[in-house]
Amino acid sequence: MSVILGIVAVILGISALFAIYRVARGPSILDRVLAVDVLLAIVGGALAADMVFNGHTNSLVILVATSVVGFIASVTVARFVTDKK
């Protein structure tokens, strides 16, 4: 079980590093927004993995709030960019 937890942690960590790199070097604002959305999804995945491996649901509210904030932020920026053109 701890081996699987380590593998999940490594995959999520590498994914987070790539997303942070895209946030820092993104050529456009849409790339950066997408990278932040991916980063929020990675945080949600880490919270879900923590809940599965430890057998609790204490982080469920944070997971739902993170997902809703990511969705609303992405939709807001997409609407802003489409109205700007």
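Guide: Start at Asp 31, which touches Arg 22 and Gly 26, leaving aside residues up to four places away in sequence. Contact means heavy atoms within 4.5 Å. This is a predicted model, where local features need pLDDT of at least 70, side-chain atom pairs count only at pLDDT 80 or more, and totals for chains, interfaces and linings use all residues. Residues are numbered from 1 along each chain as its sequence is written, and side-chain values use heavy atoms, with hydrogens and water left out.

Visitor: Where is Asp 31 found?
Guide: In helix α2. Helices are DSSP runs of H or I with at least four residues, strands are runs of E with at least two, and both are numbered from the N terminus.

Visitor: Why does Asp 31 count as partly exposed?
Guide: Because its relative accessible area is 27%. Buried means under 20%, exposed means over 50%, and partly exposed is in between, with a 1.4 Å probe and protein chains only.

Visitor: Which residues in α2 are buried?
Guide: Val 33, Ala 35, Ile 42, Gly 44, Leu 47, Ala 49 and Met 51.

Visitor: How many residues does α2 have?
Guide: It has 26, running over residues 29-54. From first C-alpha to last, α2 reaches 37 Å, close to the 38 Å expected at 1.5 Å a residue. That expected span is 1.5 Å times one less than the number of residues.

Visitor: What follows α2?
Guide: Gly 55, with a positive phi near 70 degrees.

Visitor: New topic. How many helices and strands does the chain have?
Guide: Three helices and zero strands. The radius of gyration is 15 Å, well over the 12 Å that the globule rule gives for 85 residues, so the chain is more spread out than a compact globule. That radius is taken over C-alpha atoms, and the rule is 2.2 Å times the number of residues to the power 0.38.

Visitor: What does the C-alpha trace span?
Guide: About 50 × 25 × 10 Å along its principal axes.

Visitor: And how much of the chain is buried?
Guide: Of the 85 residues, 19% count as buried.

Visitor: Now Phe 71. Where does it lie, and is it buried or exposed?
Guide: Phe 71 lies in helix α3, residues 60-84. Phe 71 counts as exposed because its relative accessibility is 57%.
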